[in-house]
Amino acid sequence: MKQLERSSQWLQTETGSEDGLKSKADVAKRTVAIIAVIAQSFRAEGYGYAEDPDFLGHADTMRDAAIGMGKAVESSFETFDTLRSTVTQKCTECHSVYRNG
């Protein structure tokens with residue numbers, strides 16, 4: 001979870017503008033790939049919530065948004081930014097139930 005938080009914060013800080021995204025495109029691609037892999041890892045057998053469909057819904061939405069962000073890095077800042085907001089929103093929603101709830 002710490003890596004997800006760091007990655008999300010980095011994206012917010014460093015790619016919050018079109019110029020920022022363009023100048024840091026390579027790192028942004030790696031960062032969103034990390035988010036997608038971590039989100040997918042939540043489905044692993046033995047992970048604490050791997051059987052919880054609501055938790056997996058958050059994780060799958062986050063994974064799909066991160067994959068979309070990777071595709072949007074070179075083509076559409078607006079899409080990238082919208083999907084970044086989706087990742088952040090899923091973190092907040094999930095944490096309100098599974099971390100802080």
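This is a predicted model: local features need pLDDT of at least 70, side-chain atom pairs count only at pLDDT 80 or more; totals for chains, interfaces and linings use all residues.
Residues are numbered from 1 along each chain as its sequence is written, and side-chain values use heavy atoms, with hydrogens and water left out.

**Entry on cysteines**

I searched for disulfides, each being a pair of cysteine sulfur atoms within 2.5 Å. The count came to zero. The closest cysteine sulfur to that of Cys 91 belongs to Cys 94, and because the distance is 7.8 Å, it is too far for a bond. I recorded Cys 94 as buried also, at 10% relative accessibility.

**Entry on Ala 33**

I located Ala 33 in helix H3, which covers residues 25-41. Helices here are DSSP runs (H or I) of at least four residues, strands are runs (E) of at least two, and both are numbered from the N terminus. Ala 33 is partly exposed, at 39% relative accessibility. From C-alpha to C-alpha, I found Ala 33 and Phe 80 to be 13 Å apart in space and 47 residues apart in sequence.

**Entry on aromatic rings**

I then looked up aromatic pairs, in which rings of Phe, Tyr and Trp (its six-membered ring) have centres within 6.5 Å; planes under 30 degrees apart count as stacked, over 60 as edge-to-face and the rest as tilted. The structure holds six such pairs. One of them joins Phe 42 and Tyr 47, a tilted pair with 5.0 Å between centres and 40° between planes. Tyr 47 also pairs with Phe 55, and this pair is stacked, at 5.8 Å centre to centre and 25° between the planes. Phe 42, Tyr 47, Tyr 49, Phe 55 and Tyr 98 form one aromatic cluster.

**Entry on salt bridges**

Side chains of opposite charge can pair when their charged atoms come close. I counted a salt bridge wherever a side-chain nitrogen of Lys or Arg lies within 4 Å of a carboxyl oxygen of Asp or Glu. The count came to eight.

I first examined Lys 22 and Glu 18, whose side chains meet at 3.9 Å, N to O. The two residues are four apart in helix H2 (residues 18-23), and are therefore separated by about one helical turn. Lys 22 is exposed at 59%, whereas Glu 18 is partly exposed at 39%.

Which residue does Asp 60 meet in a salt bridge of 2.7 Å, N to O? I found Arg 43 to be that partner. Asp 60 lies in helix H4 (residues 53-72) and Arg 43 in the loop between H3 and H4, so the pair ties together parts 17 residues apart in sequence. Asp 60 is buried at 15%, and Arg 43 is partly exposed at 38%.

I noted that Arg 63 forms a salt bridge with Asp 60 as well, with the closest N and O atoms 3.3 Å apart. Both lie in helix H4, three residues apart, about one turn of the helix. Arg 63 is buried, with a relative accessible area of 18%. Through shared partners, salt bridges join Arg 43, Asp 60, Arg 63 and Asp 64 into one network.

Definitions and conventions:
Buried means under 20% relative accessible area, exposed over 50%, partly exposed in between (1.4 Å probe, protein chains only).
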